[in-house]
Amino acid sequence: MGKLILIASGKGGVGKSTLAASLGVALARMGKTVCVVDGDVGLRSQDALLGLENSVVYDLLDVARKGCALQQALITPYGAQTLKLLPAAQFARSKDVRPKALTHILSELKEKNDFVFLDAPAGIERGLRALLVNDIDETLLVCTPDDMCLRDTSRAASLLERKELPRPRLVVNRLMPDLVSAGEMMTAKAAADTVELELVGEIPEDTTVCRALVNHRLLMDIQCEASEAIRRIARRVAGESVPLPAYGSRRAGWFRRRLRKPLREVVRR
Ligand SMILES: Nc1ncnc2c1ncn2[C@@H]1O[C@H](COP(=O)(O)OP(=O)(O)O)[C@@H](O)[C@H]1O
Ligand SMILES: [Mg+2]
């Protein structure tokens, strides 16, 4: 029996889908059997992130409504035999997928895979609530290191607690080491302490994430800081003990500090 891991956040656009797809690729390359389920009904993205835009035939809603067998809807990214994607319907709403059908699909996937990643929609509204099935073994909450996002992260953690799901762990994304070392951005550890969640990983801001998407490449195929960071998180998710890099926690040197430009206000005439 595998593990069902929900990837969620309090705020939208923080990097959930990028993380879910990339963890799927990383764990599959570690020899694990993995299924990524796109839970963002109506706004799917996993097909694009996994290079499968033109391969979607059936989706989660078709399976839930028994329009096709589960196996027919699963698609495999090129060259990744142990990784499968169950795409979301593009023209549907979260309430179209009945909780009982979703539970059934997820437990079947859990039986056949080491890891099932469920990529949640933005925020803590109906879309996320519809995914909170009892079968969830772990939740990774993704956030960016700012107060606004952390406030929403706390609300998401409270929602999971009310549903009696295990306490989530935190992934802090889009850290800028220069700003952290200058004291203008909090460290991943400080973010985790603020919301009182265990830190499972930290990912730096990296333009390669956007470039990979635009060039239809898998992020995990490209050697960069973000893919390295996600590989580390994958190893931690698989139970290995991997130290965290603590981006920016070393104070910037004298020369770099001198190079920093102060924030200058716009002069209004
Ligand atoms: N570490 C990162 N560095 C730079 N850009 C990132 C990073 N993580 C995510 N992004 C970008 O942020 C945007 C939102 O990411 P996405 O994974 O779709 O978030 P979500 O699923 O939470 O809405 C995308 O354009 C993605 O390329
Ligand atoms: Mg998303």
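Visitor: What makes the pair formed by Asn173 and a nitrogen atom of ligand 1 a polar contact?

Guide: A polar contact is a pair of N or O atoms within 3.5 Å; within protein, one must be able to donate a hydrogen and the other to accept it, and residues adjacent in sequence count only if both atoms are side-chain atoms. A polar side-chain atom of Asn173 is 2.9 Å from a nitrogen atom of ligand 1, so the pair meets the 3.5 Å limit. At 3.1 Å from an oxygen atom of ligand 1 there is also an N or O atom in the side chain of Arg174, and a polar backbone atom of Gly13 lies 3.1 Å from an oxygen atom of the ligand. Of the 570 Å² of accessible area (Shrake-Rupley method, 1.4 Å probe) that ligand 1 has on its own, the protein covers 79%.

The model is predicted: local features need pLDDT of at least 70 and side-chain atom pairs pLDDT 80 or more, while totals for chains, interfaces and linings use all residues. Side-chain values use heavy atoms, without hydrogens and water, residues are numbered from 1 along each chain as its sequence is written, and chains are lettered from A and ligands numbered from 1 in the order in which they are written.

Visitor: Why is the site of ligand 1 called a pocket?

Guide: On a 1 Å grid over the protein atoms alone, a pocket is an open set of points with protein on both sides within 12 Å along at least five of seven lines, whereas in a cavity a 1.4 Å probe fits but cannot get out. A molecule sits in one if more than half of its atoms lie within 2 Å of its grid points, and ligand 1 sits in the largest pocket. That pocket holds about 620 Å³ of space. Among its 37 lining residues, Gly15, Thr18, Leu49, Val209 and Leu213 are the closest to its centre. Again the largest share, seven residues, comes from α1.

Visitor: How many cavities of 30 Å³ or more are there?

Guide: The structure holds one, and the volume of the largest cavity is about 50 Å³. Its lining includes Gly39, Val41 and Leu60.

Conventions: 1 Å grid on protein atoms, 1.4 Å probe; cavity = no way out; pocket = protein on both sides within 12 Å on 5 of 7 lines; lining within 4 Å. Points joined across faces, edges and corners; volume = space filled by probe spheres on them. Helix = DSSP H or I, 4+ residues; strand = E, 2+ residues; numbered from the N terminus.
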